[in-house]
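This report describes a pocket, a loop residue and a strand pair in turn.

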Amino acid sequence: MTATQARGLHDQPDLADAEPGTLRYRLLHLPAKLASHARRKILSIPDTWPWAEAFQLCWHRLGLIPPPT
């Protein structure tokens, strides 16, 4: 299990024990648009994408980890 899976996807039944290739296919082949507005980055993910909620939850959880000192 990778660190991303352990910290961000531990409660996602289809992704918690997925192989690295499956994770790459499902989470990194992201059908999204990245835009900037008022010096902020905005990531727009379609609601119809099957793993949208899992990606957003994982992104949020990994963002809560404090940076190393």
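The lining of the largest pocket consists of eight nonpolar residues, two polar and one charged. (Ala, Val, Leu, Ile, Met, Phe, Trp, Tyr, Cys and Pro count as nonpolar, Asp, Glu, Lys and Arg as charged, and the others, Gly among them, as polar.) The model is predicted: local features need pLDDT of at least 70 and side-chain atom pairs pLDDT 80 or more, while totals for chains, interfaces and linings use all residues. Residues are numbered from 1 along each chain as its sequence is written, and side-chain values use heavy atoms, without hydrogens and water.

The space in this largest pocket is about 250 Å³. A pocket is an open set of points on a 1 Å grid where a 1.4 Å probe fits, with protein on both sides within 12 Å along at least five of seven lines; lining residues have an atom within 4 Å of a point. Among the lining residues are T2, R24, F55 and W59. The largest contribution, five residues, comes from α2.

Q12 is located in the loop between α1 and α2. Q12 counts as buried because its relative accessibility is 16%, the limit being under 20% with a 1.4 Å probe and protein chains only. Leaving aside residues up to four places away in sequence, Q12 touches A54 and L57 (heavy atoms within 4.5 Å).

The two strands (DSSP E runs of at least two residues) are listed below.

| Strand | Residues |
|---|---|
| β1 | 33-37 |
| β2 | 40-44 |

β1 and β2 pair in the antiparallel sense over five bridges, where pairing requires at least two DSSP bridges. K33 has S44 as its bridge partner in β2. Two residues separate the strands of this hairpin, and A38 in the turn has a positive phi of about 55°. Of the five residues in β1, the count of buried ones is zero.

Conventions. Helices (H or I, at least four residues) and strands (E, at least two) are DSSP runs, numbered from the N terminus. Buried means under 20% relative accessible area, exposed over 50%, partly exposed in between (1.4 Å probe, protein chains only). Grid points are joined across faces, edges and corners, and a volume is the space filled by probe spheres set on the points.
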